[in-house]
Amino acid sequence: MQILLLIIGFVIIIKASDFLVDASSALALKLRVPKMLIALTIAAFGTCAPEIAISFQSVGSGNGEIAFANVVGSCVVNVLLIIGLASFIRPIKVKHATIKKELPILVIITSVFAVLMLDSIFNPYTSDTFSRSDGIILLLLFGLFVVYLIQMLFKRSDYSEEEIEKIKYSSWVAIIIIVVSIILIVYSSDLIVESAKEIATRLHISEKLITMFAIVIGTSLPEMVMTITSAKKGEFDIAIGNIIGTNIFNISIVLGLPVIIYGNVLLTGFGIVDIIAVFLSSALLFLFARSEKTIDKKEAIVMLVIFAIYYVFLLVEGY
């Protein structure tokens, strides 16, 4: 039964992501706004819904390290694994505006996040703690990101007649499909995670491995399926915009907001390797995107190898 539920979950998430990509593209075309705007907002916020639920639940119950591990892991997985897989399947073309604007915003927010994790480096007599003031800093940075999104909203995009003719849905139908697709994606990802946990438990797989797979990889499934689906369809703005937006949401809102509400999180299980991995993921994405404005298969392999090394390190260290 658990295997059947796992298969059903994957079928739902794949089909829902397919509809979400088409509906997001149609909505952007109908409203004549950049597809990147839809990817950075609706798609990104929708696909990071599992992380939001886990973060508020864990920080609120005093298990803030779970929320922190989930955000750190998701940021690394989203870039090194998901962009790596998507660009290996089909090289992702990155627009000049993305290289000049959206990616630098991601690098800045990720860099500030990494620095905020380094309390003990600046003061050896203090423990690494993610405080309310850290959360406020991230929220302020998110505010600047919102200002940029508002500017994008008033930027009209000139799509070709050929693109307009290919619109599958009206604006209202597209919105309904987007909402239903996001609900199905969240539900199916939860179904997959719970089924995977049950199967792993019955097969006597270690709790550490269950946590690594179910929480970090499991909650990143919506982003993974949507990004790969978008790349295969040639919707590169949606593919890369979804990941940029999701990582910004993860750092600023998914982690920053519950910490502001519930209080400080002591970072006893994190080290310099985790900080390097988080920073390196966004830095590599920016550097690879700048190279001929395409993330090709060779760069995809580099991402996947670095991800594998980091993940093996986590398993060996018992993270």
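**Helix packing in a predicted model**

Among contacts in the protein between residues at least 6 apart in sequence, 86% join residues at least 24 apart. The model described here is a predicted one. It holds 14 helices and four strands, and buried residues account for 53% of the 319 residues in the protein.

Helix 1 covers residues 2-31, and its 30 residues should span 44 Å at 1.5 Å a residue; the C-alpha atoms at its ends are 42 Å apart, so the two values agree. Just after helix 1 comes Arg 32, whose phi is positive, at about 55 degrees. The buried set consists of Lys 35, Met 36, Leu 37, Ile 38, Ala 39, Leu 40, Ala 43, Ala 44, Gly 46 and Thr 47.

Helix 3 (residues 49-60) is paired with helix 12 (residues 236-262): their axes come within 9 Å and cross at roughly 25 degrees. An angle under 35 degrees counts as roughly parallel, and helix 3 and helix 12 are therefore roughly parallel to each other. The crossing of helix 3 past helix 12 is right-handed. On the helix 3 side, the contact is made by Glu 51, Ile 52, Ser 55, Phe 56, Val 59 and Gly 60. Helix 12 contributes Asn 250, Val 254, Leu 255, Leu 257, Pro 258, Val 259, Ile 261 and Tyr 262 to this contact.

Helix 4 packs with helix 11 at an angle of about 25 degrees, the two axes being 9 Å apart. That angle makes helix 4 roughly parallel to helix 11. Here, too, the crossing is right-handed, as helix 4 passes helix 11. Helix 4 brings Asn 78, Leu 81, Ile 82, Ile 83, Leu 85, Ala 86 and Ile 89 to the meeting, while helix 11 supplies Glu 223, Met 224, Thr 227, Ile 228, Ala 231 and Lys 232.

Thr 227 is a handy residue with which to explore this region. Located in helix 11, Thr 227 has a relative accessible area of 0% and is therefore buried. Leaving aside residues up to four places away in sequence, Thr 227 touches Ile 82, Ile 83, Ala 86, Ala 239, Asn 242 and Ile 243. Of these partners, Ile 82, Ile 83 and Ala 86 are also named on the helix 4 side of the packing with helix 11.

Pro 222 counts as buried because its relative accessibility is 0%, under the 20% limit for burial. The C-alpha atom of Pro 222 is separated by 7.0 Å from that of Ile 13, although the two residues are 209 residues apart along the chain.

Terms used. Residues numbered from 1 in each chain as written. Predicted model: local features only at pLDDT ≥ 70, side-chain atom pairs only at ≥ 80, totals over all residues. Heavy atoms only, no water. Helix = DSSP H or I, 4+ residues; strand = E, 2+ residues; numbered from the N terminus. Expected span 1.5 Å × (residues − 1). Axes fitted to C-alpha atoms, helices over the stretch in contact; angles between N-to-C directions. Parallel < 35°, antiparallel > 145°, perpendicular 65-115°, else oblique. Left-handed = near helix turned anticlockwise from the far one by under 90°. Contact = heavy atoms within 4.5 Å. Buried < 20%, exposed > 50% of the residue type's maximum accessible area, 1.4 Å probe, protein only.
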